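Visitor: Could you walk me through a few packing details here?
Guide: Gladly, let's take a look together.

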Amino acid sequence: MTPNQSSNTRPRDSSVGRSRRAFLGTAGTVAVGVGLAGCTGSAPKAEGSSAERTLQMVGSSIRTLDPAAANDSESTTVISQLFDGLAHYPKGDLDPELLLADDHSVSDDGTVHTFELHPEATFSDGRPVRADDVVYSFERVAASENSTSASDLLDVLGVEHETRTVETGDGTAEEYDPGTLGVEAVDDQTVEIHLTEPFHAALGVLAYPSFGIVPEGVVGDVPGYDGEMSQDEFATENPIGAGPFTLKNWQKDVEYAVSARDDYYGDGPYVAGIHWQVTSDPAAAYTYATNENADIFWVPSGTFDSSLVSIETTDEKGRNVGTYGPLPENGRTIQYLQVPLTWTYYIGFNTEQVEKPVRQAIAYVLNQQTQIAEVHDGRGSSAAHITPPNLYPGGNAAYRDDAEAYPYNLTESRFEDAKAVLADAGYGPENPTEVRLTVYEGEAWNETATLLRDKLASVGVDLTVEQTTFASIAERGRNGELDAFSYGWTMDYPSPDTFLKILYPPTSEDYFFRWGGTSAADRAERAWERVLDNSSGSESDRQARTEAYREMERANWEDVVALPVYHPIGEGFYYDWVDVAKTGAAGFSKHKYNHAKVGKRE
């Protein structure tokens with residue numbers, strides 16, 4: 001579990017062979033909020049006592065330690081400590097940097113990426129990291145039946161490959177033909193990745209933890225490799241990576257821990273290891289932390305008291321740093337970090353089952369500002385766009401400027417406008433239309449839905465609220481069984497692409513919207529085609545994408561397919577004896593803790 005207790009499962013489409021034009025990206029989702037740990041800055045090399053101490057945290061259950069198989073943030077948090085990729089998000093920052101790669105160059109046409117590997121990098125079993133390991137690792141992502149990220153490699157990044165026709169229950173389909181991937185070992189230290197066309201966010205995709213490098217042939221789950229161990233053994237007992245830590249133990253649903261490597265080629269680690277105590281109960285996790293068993297933690301809703309927050313500084317990335325306390329349980333005033341996240345929560349609509357006037361009426365009465373204040377204790381920001389502010393073209397300022405044109409008002413409920421649009425459709429308080437809103441299990445979404453239900457009753461919408469699991473929402477959404485539903489989205493790589501792909505009408509069924517046949521849908525479709533047609537990093541392509549992104553946001557406003565609700569913030573609460581670099585907006589699961597330092601606990 002991250003300091004903000006959550007279950008952040010992110011199912012990712014593992015299908016292969018689809019063109020990037022047909023489906024750019026994966027159906028990455030989040031179920032509930034997540035928070036970040038962070039501190040005041042990078043730690044110097046620890047001497048003596050700090051290096052003998054273990055960083056203590058609270059965690060949720062993890063599913064796998066195989067980077068190619070991971071599709072949830074809890075597993076990815078640990079995988080980020082065990083494995084290094086060619087690139088990474090340094091301390092969870094949004095700007096990817098090289099990691100295992102010592103140098104990176106791109107061909108003039110933007111289709112060939114060349115990486116030189118760090119000459120001193122080794123795996124945790126002592127063998128050196130070589131180019132053939134990269135080729136094998138990427139082949140596993142593309143071809144292994146255990147992979148959850150094939151589409152990221154083949155469709156999003158667009159690595160060259162061939163396909164083959166296979167029989168399916170519905171006829172035939174094209175799938176990746178193993179051994180044809182455009183990843184080549186030029187020599188022991190040099191790797192080339194060949195793309196079908198330039199892609200502006202290539203390094204951002206490669207920085208995702210799924211692309212952690214593993215030793216060549218370690219698992220025999222792709223053609224041509226016998227494997228040194230089974231995938232189950234690798235994923236649960238013996239994950240061999242090039243990261244700063246090694247697995248110490250994993251007792252399912254109880255605890256997991258990693259130990260520091262003393263031969264890591266990079267900085268640190270500066271602690272003996274990291275230990276996570278598993279609990280699924282936020283209140284129990286908080287009690288565990290206030291008993292000073294955890295160094296970094298989260299204060300759950302219902303316990304959080306905004307009057308105890310004191311913000312002292314705001315940095316250039318919009319992160320607020322200060323203190324929280326004193327804690328009622330132990331009297332300590334602790335360090336506090338607040339980070340804008342690259343997340344958006346929204347209410348989605350099956351447009352075939354909920355009419356546009358009804359969707360507009362719901363947007364008119366929502367009032368995101370009140371929802372943030374009353375439901376989330378101010379722990380977030382009102383959403384006018386699907387793209388979060390830190391990824392919006394032009395950044396936070398452009399987000400706010402464009403949000404001024406939001407047609408439904410973020411700060412007040414417009415009941416008369418809602419009544420008017422419903423009246424034109426033949427509905428009113430005496431003749432209400434019925435809508436079923438299905439939301440995640442949890443207090444916040446239940447309260448959001450209840451507030452919305454009470455408001456809609458006065459304008460002509462009879463809203464029925466039901467709560468269920470994220471898995472149930474996903475399954476029923478795919479089957480077209482939902483009217484309206486809560487959903488969340490987080491980035492796959494730092495670009496508006498990763499959010500706005502859900503608003504491409506031809507694939508909107510994948511996201512449960514079933515959107516099409518309107519002028520707004522047509523504009524969104526043409527805009528997304530422009531995004532795909534202008535995929536390079538050139539300035540002209542960037543400008544073309546920027547306007548297309550904005551057009552898609554406006555089209556969504558018009559038809560209210562995905563009603564933006566809020567952008568959550570990440571929060572870290574940590575005792576004074578902890579020194580951990582501030583986590584960035586890419587998130588806690590991508591933060592490596594090789595720089596963490598633990599002082600004497602007092």
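Visitor: Which residues does Phe-513 touch, not counting residues up to four places away in sequence?
Guide: Bear in mind that this is a predicted model. Leaving out residues up to four places away in sequence, the contacts of Phe-513 include Tyr-346, Gly-348, Phe-349, Asn-350 and Thr-351.

Visitor: Which members of the largest nonpolar core touch the most other members?
Guide: In general, nonpolar side chains in soluble globular proteins tend to be buried together. Here the largest nonpolar core has 175 residues. Those touching the most other members are Phe-138, Ile-193, Tyr-487 and Phe-513.

Visitor: Is Pro-432 buried, partly exposed or exposed?
Guide: Pro-432 sits in the loop between helix H10 (415-424) and strand S19 (433-440). Beyond four places in sequence, Pro-432 touches Tyr-427, Gly-460, Val-461 and Asp-462. Because its relative accessibility is 37%, and the class between 20% and 50% applies, Pro-432 is partly exposed.

Visitor: How far apart in space are Pro-432 and Asp-462, C-alpha to C-alpha?
Guide: In sequence, 30 residues separate Pro-432 and Asp-462. Even so, the two are in contact. From C-alpha to C-alpha, their separation is 5.9 Å.

Visitor: Which residues make the contact between H8 and H11?
Guide: The axes of H8 (residues 368-376) and H11 (residues 443-456) come within 10 Å and cross at roughly 135°, so H8 is oblique to H11. The crossing is right-handed. H8 contributes Gln-371, Glu-374, Val-375 and His-376, and H11 contributes Ala-444, Glu-447, Thr-448 and Leu-451.

Terms used: Residues numbered from 1 in each chain as written. Predicted model: local features only at pLDDT ≥ 70, side-chain atom pairs only at ≥ 80, totals over all residues. Heavy atoms only, no water. Axes fitted to C-alpha atoms, helices over the stretch in contact; angles between N-to-C directions. Helix = DSSP H or I, 4+ residues; strand = E, 2+ residues; numbered from the N terminus. Parallel < 35°, antiparallel > 145°, perpendicular 65-115°, else oblique. Left-handed = near helix turned anticlockwise from the far one by under 90°. Contact = heavy atoms within 4.5 Å. Core = buried A, V, L, I, M, F, W, Y, C linked by side-chain atoms within 4.5 Å. Buried < 20%, exposed > 50% of the residue type's maximum accessible area, 1.4 Å probe, protein only.
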